[in-house]
Amino acid sequence: MRPFTLNYALPRGLPAVVTPYRFDASRQLNVLPDGRPAVSDRELLLAAGTTTSTAGSQTHFDD
């Protein structure tokens, strides 16, 4: 039997996350689908806070 409170205390599932940019290894930065650097999209930066990538070093920003 499942306690009633667990229906509200635990999330039902993780939301689907879509990353609006991808890492371009040749340019060593994150780019939007149209090829512009991800840092040029002000709305994306306001929503995400950062566009760092884990493709390279963990100690610096790629953009």
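A salt bridge is a side-chain nitrogen of Lys or Arg within 4 Å of a carboxyl oxygen of Asp or Glu. The structure contains one salt bridge. This is a predicted model, in which local features need pLDDT of at least 70, side-chain atom pairs count only at pLDDT 80 or more, and totals for chains, interfaces and linings use all residues. Residues are numbered from 1 along each chain as its sequence is written, and side-chain values use heavy atoms, with hydrogens and water left out.

Two helices and two strands make up the elements of the chain (DSSP runs numbered from the N terminus: H or I of at least four residues for helices, E of at least two for strands). Their order from the N terminus is α-β-β-α.

The chain has 63 residues, and 17% of them count as buried (under 20% relative accessible area; exposed is over 50%, and partly exposed lies in between, with a 1.4 Å probe and protein chains only). Its accessible surface is about 5300 Å², with 59% belonging to carbon and sulfur atoms (Shrake-Rupley method, 1.4 Å probe). Among contacts with a separation of 6 or more, 24% join residues 24 or more positions apart (contact: heavy atoms within 4.5 Å).

The salt bridge joins the side chains of Asp 34 and Arg 36, at 2.8 Å from N to O. Asp 34 is exposed, at 54% relative accessible area, while Arg 36 is partly exposed, at 38%.

Most residues other than glycine have a negative phi. Gln 28, not a glycine, has a positive phi of about 55 degrees. Gln 28 sits in the loop between β1 (22-24) and β2 (29-31) and is partly exposed, with a relative accessible area of 47%.
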